[in-house]
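Subject: Structure handover

Hello,

Please read them with the model open.

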Amino acid sequence: MMTKNANIAPQTIAGTPMGISIYAVTQEAPHYHQGFLEIIYCFKGTVNFLYNGKIVVLQEGDIASVDPFDIHYLFSEGTLKNDNLLVSFYFDLTSAVFEKPGLEKIYFTCEKETTPKEKQPQLQDLKRLLLTLLYFYCFPHPQLAQTETISRLSKQVIDTMLEHFHYFNYINYSAKYSDEMKLRFEQILMYIEENYSHKITLEKLCADTYFNYKYISRFFKETSHVGFAKFVNNIRMWKSTVLLLDTDKNISDISYEVGFSAPMYYYKIFKLWTKMTPSQYRKSMRTAQKDSAENTCYSSSAIKEELEHYIAFYFAAIQMPQLWLAPFIPRKGIPEIYAEKSAEEKPSSAGAS
């Protein structure tokens, strides 16, 4: 029997490209938000955040971003169960407000551990924007049109994510790259997103986009740190997790659907990527679905005083660096097998199409 579809479309605020949810969590079901970027702000308590097969602990004052096809869920344990308060901001990346076609195909990361020291001030600016957005959502001002205010602040959030928390910035934190190079990386990423389920090679990409093969081969290896073939396989793994969760399709069929020509190669790469076989991953996600509980959701009016306290507190806390500085973990989002950087390594296409 097919599992319940895990794609949850957030409800947006009328006339705006974003929505807000205020809630406490015990254990969510694994899910994703097609077309939406979610930014989670932990106001109270400590919660576990599972995404990309990894568990990250969110503490008070932390934020985390979730891309449109990231399967994720939050859960709390022991005496901390439900003793938390979180706010999720959902941005519809397909909205014309953001003025960037294909925005839903770009990856972001804004956790404190994935933000290098030189970007920490921008991380605090991002938090200020989110807190301001939440404030005007909870406490509309008579001199400001709420929909216009929320839309304008939403655009500022997405512009900040693009400028400072783009995946390209994250994996190339130690190098100085131009906006033109970031745009080129985006073009390649979007090409992969649109073609990963078919036979895809660097030669074909260059033929279709009129890039110079030798230049692009060197450029992508230097900026992705893994080379074209491995990067494509990384995306295929990511896409396959949605099919494993959302459907009862045969695993071999899934391997073909996401672009592999050999199911055994898919099994091998998937296990390197997640430390589990596709069957084990599916079983673990289905178990998490079965054990899940509904979040306790709040209206802004129901906890007005508590929200006002936290908004003011976190604005003040941002001014105290010792409360938010954290060590940087380079390239956390890339599987270890792919993160190794070797001058002698050449991208391999064995078993992939």
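Start with the contacts: of those in the chain between residues at least 6 apart in sequence, 77% join residues at least 24 apart. Contact means heavy atoms within 4.5 Å.

Some ground rules. This is a predicted model, where local features need pLDDT of at least 70, side-chain atom pairs count only at pLDDT 80 or more, and totals for chains, interfaces and linings use all residues. Residues are numbered from 1 along each chain as its sequence is written, and side-chain values use heavy atoms, with hydrogens and water left out.

**Overall**

The chain has twelve helices and eight strands. Both are DSSP runs numbered from the N terminus: helices are H or I with at least four residues, strands E with at least two. Of the 353 residues in the chain, 53% are buried. Buried means under 20% relative accessible area, exposed over 50%, and partly exposed in between, with a 1.4 Å probe and protein chains only.

Five strands form an open sheet in the order 5-2-7-1-8, with antiparallel pairing. Its edges are strand 5 (63–66) and strand 8 (296–298), each of which pairs on one side only. Two strands pair if DSSP finds at least two bridges between them. On average, neighbouring strands of this sheet are turned by 30° against each other, direction ignored. Axes here are lines fitted to C-alpha atoms, for helices over the stretch in contact; angles run from 0 to 180 degrees between N-to-C directions.

Strand 1 (residues 18–24) and strand 7 (residues 85–92) run antiparallel and are joined by six bridges. Ile22 has Val87 in strand 7 as its bridge partner.

Two helices pack on the sheet. Helix 2 (residues 146–164) touches strand 1, strand 2 (36–44), strand 5 and strand 7. Its direction makes about 95° with that of strand 2. Helix 11 (residues 304–317) touches strand 1, strand 2 and strand 7, and its direction also makes about 95° with that of strand 2.

Strand 2 and strand 5 pair in the antiparallel sense over four bridges. Glu38 stands opposite Val66 in strand 5. Both faces of strand 5 are covered: Ile63 and Ser65 are buried on one side, Ala64 and Val66 on the other.

**Pro17**

Pro17 lies in the segment before strand 1. Pro17 is buried, with a relative accessible area of 3%. Not counting residues up to four places away in sequence, Pro17 touches Thr12, Tyr90, Phe91, Asp92, Ser95, Val97, Phe98, Ser151 and Ser154.

**Two positive phi values**

Most residues other than glycine have a negative phi. Tyr210 has a positive phi of about 65° although it is not a glycine. Tyr210 lies in the loop between helix 5 (202–209) and helix 6 (213–224). His225 also has a positive phi, near 70°, and is found in the loop between helix 6 and helix 7. Which of these residues is buried, and which exposed? Tyr210 is exposed, with a relative accessible area of 75%. His225 is buried, at 5%.

**Empty space**

Rolling a probe the size of a water molecule over the atoms shows where empty space is left. The work is done on a 1 Å grid over the protein atoms alone. A cavity is a set of points where a 1.4 Å probe fits but cannot get out; a pocket is an open set with protein on both sides within 12 Å along at least five of seven lines. Lining residues have an atom within 4 Å of a point. Points are joined across faces, edges and corners, and a volume is the space filled by probe spheres set on them.

The largest pocket holds about 660 Å³ of space. Its lining has 22 residues, of which Ile8, Glu28, His31, Glu294 and Asn295 lie nearest the centre. Strand 1 gives the largest share of that lining, three residues.

There are three cavities of 30 Å³ or more. The largest cavity has about 70 Å³ of space. Its lining includes Tyr51, Asp70, Trp238 and Trp273. Helix 7 (228–246) and helix 9 (263–274) each supply at least two residues of this lining.

Best wishes
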